[in-house]
Amino acid sequence: MKIIVPMAGRGSRLRPHSLTVPKPLIPVAGQPIVHRLVKDIAKVLKQPIEEIAFVLGDPAWFGDDVVKSLTALATDLGAKASIYRQDLPLGTGHAIMCAKPSLSGPAVIAYADTLIRAEFDLDPTADSVIWTKQVDNPEAYGVVKLNANDDIVELIEKPETFVSDQAVIGIYYFKDVAVLKDKLQEILDENVMNGGEYQINDGIKRMMADGKVFKTGTVDEWMDCGNKAITIETNQRMLGFLKGDGEEALISESVTLENSKIIEPCFIGENVVLINTTVGPYVSVGNNTIIENSIVKNSLIQTHTTIKNANLDNAMIGNYVNYDGDFTSISIGDYSVLE
């Protein structure tokens, strides 16, 4: 089994955080989004992963440190890491084709801006599985249309009339991803574009036209990381799941507490110092951060940051920030100073 992860985009909706850290690398509950996503997919698949192919963007944003962390992620899962580059933002189909040498055999394709919780077996009769989540407002999503056999027969973007309530979440399984590769090559050769980009859906539609069987794999939880508010909510939900699982140590033994308390669930990284402070619930604090004379809840704070005299709720703060004040809802990026 292979996992293909297009992650070239920086994520404009998460600015200013994604100005210095690409969105897939922003930590949720102490780990980058892409790390959690890949680990959760590997857990769902319940089979060995032989290769994980990452499609990255500009090396100025996805540099050697990113390559090193992704290689370590693959190695930890017993897989080979392959690194590809998408030099131009030409769409989902184009991003996949940047990993062309890896597009053979069974594979999962997953876009690295979402997190899941799922437990199911892949349908052995299916040529492909499109992972979906039941939603209350399907008109806001791309959804699947099913026939009487529960086969996916059509993909419809933001339907004006009800088609189904199963939204496509951006994770796909292909029994042989080379079939998709051939269809996407046709798309590229014929210059078939939608919205000025080459789309994975156009390749999938051609597979359907050839009679390939598509089924749904329904996830229990789908957590987006599209903007600040949603990412904070995802951090809250993930902390709750991880606390319930009890499989992951969320509070480092190197934390220093001086007249302070932690209200779980929280993630507290290495060498964090808390002085006269209450943290939690639902807070993630990155390594080497100092928080003093503050109350922090429902927030996501990254590494090497100093916060003093603050009362924070629903805050998202980047790396190397110095913050002193009593704003209650903020979003500031790396190397910022508020005094």
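Q: Is the crossing in which α1 passes α2 left-handed or right-handed?
A: The structure is a predicted model in which local features need pLDDT of at least 70 and side-chain atom pairs count only at pLDDT 80 or more, whereas totals for chains, interfaces and linings use all residues. Residues are numbered from 1 along each chain as its sequence is written, and side-chain values use heavy atoms, without hydrogens and water. With handedness judged by how the near helix is turned from the far one by less than a right angle (anticlockwise for left-handed, clockwise for right-handed), the crossing of α1 past α2 is right-handed.

Q: How are α1 and α2 oriented to each other?
A: Helix α1 spans residues 33–45 and helix α2 residues 64–76, as DSSP runs (H or I, at least four residues, for helices; E, at least two, for strands). Their axes come within 11 Å and cross at roughly 20 degrees, an angle between N-to-C directions on a scale from 0 to 180 degrees. Since angles under 35 degrees fall in that class, α1 and α2 are therefore roughly parallel.

Q: Which residues of α2 make the contact with α1?
A: Contact requires heavy atoms within 4.5 Å. On the α1 side V34, H35, V38 and K39 take part, and they meet, in α2, S69, L70 and L73.

Q: At what angle do α4 and α5 pack?
A: Helix α4 covers residues 177–190, and helix α5 covers residues 200–209. α4 passes α5 in a right-handed crossing, and V179, L180 and K183 of α4 are among the residues that meet α5, where the partners include I200, I204 and M207. The two axes lie 8 Å apart, and the packing angle is about 115 degrees.

Q: Which residues of α5 are buried?
A: Burial here is a relative accessible area under 20%. The cover over the buried residues of α5 includes α3, β8, β10, β11, α4 and β12. The buried residues themselves are I200, D202, G203, I204, M207 and M208.

Q: How many residues apart in sequence are the parts that the pair of Y111 and Y172 ties together?
A: Y111 and Y172 form an edge-to-face aromatic pair, 6.4 Å centre to centre with 90 degrees between the planes, given that ring centres must lie within 6.5 Å and planes over 60 degrees apart count as edge-to-face, under 30 as stacked and the rest as tilted. Y111 lies in the loop between β6 and β7 and Y172 in strand β11, so the separation in sequence is 61 residues.

Q: Which residues form one aromatic cluster?
A: Both Y111 and Y172 are buried, and Y172 forms a stacked pair with F174, at 6.4 Å centre to centre and 25 degrees between the planes. F174 is buried as well. The one cluster consists of Y111, Y172 and F174.

Definitions and conventions: Angles under 35 degrees count as roughly parallel, over 145 as roughly antiparallel, 65 to 115 as roughly perpendicular and the rest as oblique. Rings of Phe, Tyr and Trp (its six-membered ring) pair if their centres lie within 6.5 Å; planes under 30 degrees apart count as stacked, over 60 as edge-to-face and the rest as tilted. Buried means under 20% relative accessible area, exposed over 50%, partly exposed in between (1.4 Å probe, protein chains only).
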